[in-house]
Amino acid sequence: MKTVSENKAFGGVQGVYSHMSDVCGSEMTFAVYLPPQAEDGPVPCLWYLSGLTCTHENAMTKAGLQAHAAEFGLAVVFPDTSPRGDGVADDEAYDLGQGAGFYVNATEAPWAAHFQMETYIASELRDLVTEKFAVSVHHGITGHSMGGHGALTLAMKYPGHYQSLSAFAPIANPTRSDWGRKQLGAYLGPDETVWAAHDAARLLEDKGWASDVLIDQGADDQFYDLLRPAALLTALADTKTAHTYRLRQGYDHSYYFVSSFARDHVAWHAARLKA
């Protein structure tokens, strides 16, 4: 692991690091914020998964999570959204390829060689973070848009990894959306039965979620129809999953929306990870 940068922030340290990923077969960059409480011992860890076109840097600089993480004593991990580099497959569209990994393990060429983001987040990077940083065994996960999709699906698929779950405007039903069908078809092939394992609304019916979940959604989100929040709400009700769903009037899909409610989400995770 190489240190790219480290900066003092709210009494803690915001760092950016890189390492050679065996899983993705490329150099990956990620960021970790350690709150001042980490100087006294391991702290709970919150994973923030970003959306389409983002890198590790977008939420790190725009979501304002560091101040809240310092207040509540949580570490925050900001992974990248895909493998990158000259030898990594890409597409001219913004919503496929580099910057659009969708947190799945690709099985189709040319993506399968590098796009193994599910295993990277849930296993390889998790192991690296717990080895190199002062974080405890208590982990929560959240994310925005494509990252919200990733947070929901990974939490349900790896229930022992995460004890708390939230999302900002998640892509909730990708098998029924243009933000999903295109990418799942490209990465996983034409068999739509395989796609269901990466659809939060459908995973709730299959895997469920044992705890509660917090979801914020902007009512003026310009991508509302692509996100399909109604499908997720129906699944939450049908599976009797405890949830807090807040439709925020006047808010769109931007980081202004995320940063407006970031403290609520950090507090939500802190209450559950420290219980």
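**Salt bridges and their surroundings**

Tutor: S260 is partly exposed, with a relative accessibility of 39%. Here buried means under 20% relative accessible area, exposed means over 50%, and partly exposed is in between, with a 1.4 Å probe and protein chains only. The model is predicted, so local features need pLDDT of at least 70 and side-chain atom pairs count only at pLDDT 80 or more, while totals for chains, interfaces and linings use all residues. Residues are numbered from 1 along each chain as its sequence is written, and side-chain values use heavy atoms, leaving out hydrogens and water.

S260 sits in helix α10, residues 255-273. Helices (H or I, at least four residues) and strands (E, at least two) are DSSP runs, numbered from the N terminus. From S260 to R246 there are 14 residues in sequence and 13 Å in space, C-alpha to C-alpha.

A salt bridge is a side-chain nitrogen of Lys or Arg within 4 Å of a carboxyl oxygen of Asp or Glu. The count by this rule is 12 salt bridges. R246 belongs to a network of them that also links D216, R248 and D264.

The salt bridge of R84 with D80 has its closest N and O atoms 2.7 Å apart. D80 is buried at 5% relative accessible area, whereas R84 is partly exposed at 27%.

K157 pairs with E118, and the closest N and O atoms are 3.0 Å apart. E118 is buried, with 6% relative accessibility, and K157 is partly exposed, with 23%.

E131 and K132 also form a salt bridge, at 3.9 Å from N to O. E131 is exposed, with 58% relative accessibility, and K132 is partly exposed, with a relative accessible area of 45%.

Of its 12 residues, 11 are buried, so α4 is largely enclosed by the rest of the structure. Among the buried ones are M146, H149, L152 and M156. From first C-alpha to last, α4 reaches 16 Å, close to the 16 Å expected at 1.5 Å a residue; the expected span is 1.5 Å times one less than the number of residues.

Now the whole chain. The protein chain has 10 helices and 9 strands. Its radius of gyration is 17 Å, close to the 19 Å of the globule rule for 275 residues, so the chain is as compact as a globular protein of that length. This radius is taken over C-alpha atoms, and the rule is 2.2 Å times the number of residues to the power 0.38. Of the 275 residues, 59% are buried. Among contacts with a separation of 6 or more, 72% join residues 24 or more positions apart, where contact means heavy atoms within 4.5 Å.

Last comes confidence. pLDDT is the predictor's confidence in each residue, from 0 to 100. The chain averages 98, and 100% of the residues score at least 70. The mean is lowest in helix α7 (residues 200-206), at 95, and highest in strand β5 (residues 75-78), at 99.
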